[in-house]
Amino acid sequence: MLIGAMNHPRARVADEIESIAALGLDFVDLTLEPPAAASWRVDPQAIRAALEKHHLPVVGHTAFYLPMGSAIEELRQAAVCELQRCLQVFSIVGARWMNVHPDRYAPMHDRQFFIRQNLRSFEELLPEAHRLGVGIMIENLPGDYNSARQLGDLLDPIPELGLHLDIGHANLQAPHNTTEEILEKYGTRLRHVHLHDNKGGFEDLHLPLGTGTLDLRRAIRALQQCRYDGTITLEVFSPDRHYLTYSRDVLRRLWDELPL
Ligand SMILES: [Zn+2]
């Protein structure tokens with residue numbers, strides 16, 4: 001199992017890679033988002049060289065607000081265009097998987113409509129993803145894509161989509177953490193994990209591990225039960241990076257402690 005962190009989209013990517021390496025983390029969750037890490041602004045060759053210098057693997061992450069389910073066709077196409085550009089960058093930097101946040105912002109339309117629009121966008125992205133050798137995985141989001149049934153609306157029609165499980169999100173807007181039910185149904189498709197704490201309810205606080213209500217042991221047990229041994233990004237957002245290394249130590253200790 002590898003533990004990594006994400007670059008801050010306001011900071012220079014090269015500096016962020018240096019700092020993630022200096023913390024002794026295992027990989028970079030590279031988010032391509034403006035202002036400083038925009039897909040059209042970064043230098044993919046330089047990123048690749050920086051990652052190689054530190055022997056850091058990389059996972060692809062994209063902006064969480066792309067209108068890939070929009071009712072306005074030109075906006076939907078613009079989202080597909082941006083995601084295609086991200087695929088190209090990720091193939092150069094060496095990422096095997098790119099995350100996508102399914103969209104749900106289509107006021108005056110029902111769920112079926114925005115599900116259909118998302119599926120159209122995925123179908124348009126997949127040929128480019130194949131050509132470049134980068135898989136696409138979807139991240140669970142509180143509200144509309146946070147249970148096995150809700151995720152199934154996208155995962156069932158397109159079997160090659162991977163699952164990117166955000167265990168912090170699974171703790172939000174739900175009567176119980178949905179990690180186990182999602183993994184029970186789609187654990188074999190799990191490709192990447194995000195981990196951070198919160199206090200349930202509606203606020204996506206991205207706290208250090210152990211400071212919210214998330215049952216970390218239970219979540220780790222669920223991952224290990226489906227034989228997951230891949231990348232886990234600590235999405236712990238604080239200007240003080242000690243919270244990141246603290247969370248890394250907590251995760252590593254529990255992961256190694258729990259018997260399979
Ligand atoms: Zn996440």
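This is a predicted model: local features need pLDDT of at least 70, side-chain atom pairs count only at pLDDT 80 or more; totals for chains, interfaces and linings use all residues.

I started with the zinc donors, which are spaced E-x26-D-x27-H-x40-E along the chain. H194 sits in strand β7 (residues 190-195) and E235 in the loop between β8 (231-234) and α8 (242-257), so I looked at this pair as a link between distant parts of the chain, 41 residues apart. I take helices (H or I, at least four residues) and strands (E, at least two) as DSSP runs, numbered from the N terminus.

Residues are numbered from 1 along each chain as its sequence is written, and side-chain values use heavy atoms, with hydrogens and water left out.

**Zinc site.** I looked up the ligand atoms: E139 (OE), D166 (OD), H194 (ND1) and E235 (OE) lie 2.1 to 2.2 Å from the zinc ion. Donors here are N, O and S atoms within 2.8 Å of the metal (3.2 Å for Na, K and Ca), and water is not among the atoms, so sites may look incomplete. Why is the arrangement irregular? The four donor atoms subtend angles of 84 to 170°. Four donors would count as tetrahedral with all angles between 85 and 135 degrees; four count as square planar and six as octahedral if opposite donors are over 155 degrees apart and all others between 65 and 115, and anything else is irregular. I also checked burial: H194 is at 0% relative accessible area and E235 at 5%, both buried. My cut-offs are under 20% for buried, over 50% for exposed and partly exposed in between (1.4 Å probe, protein chains only).

**Helices α5 and α6.** Six of the eight residues of α5 (residues 148-155) are buried, so this helix is largely enclosed by the rest of the structure. I listed them as A148, Q150, L151, G152, L154 and L155. Their cover includes α4 (111-132), β5 (135-139), β6 (162-166) and α6 (179-186), where contact means heavy atoms within 4.5 Å.

In α6 I found T179, I182, L183 and Y186 buried. They line one face of the helix, because they fall within an arc of 95° seen down its axis; the arc is that of the directions from the helix axis to the C-beta atoms. E184 and K185 are exposed on the face turned away from that buried side. The cover over the buried residues of α6 includes α5, β6, β7 and α7 (216-225).

Most residues other than glycine have a negative phi, and most peptide bonds are trans. H206, in the loop between β7 and α7, has a positive phi near 50° and is buried at 9%. M108 also has a positive phi, near 75°, but is exposed at 84%. The P34 to P35 peptide bond is cis, with omega near 10°.
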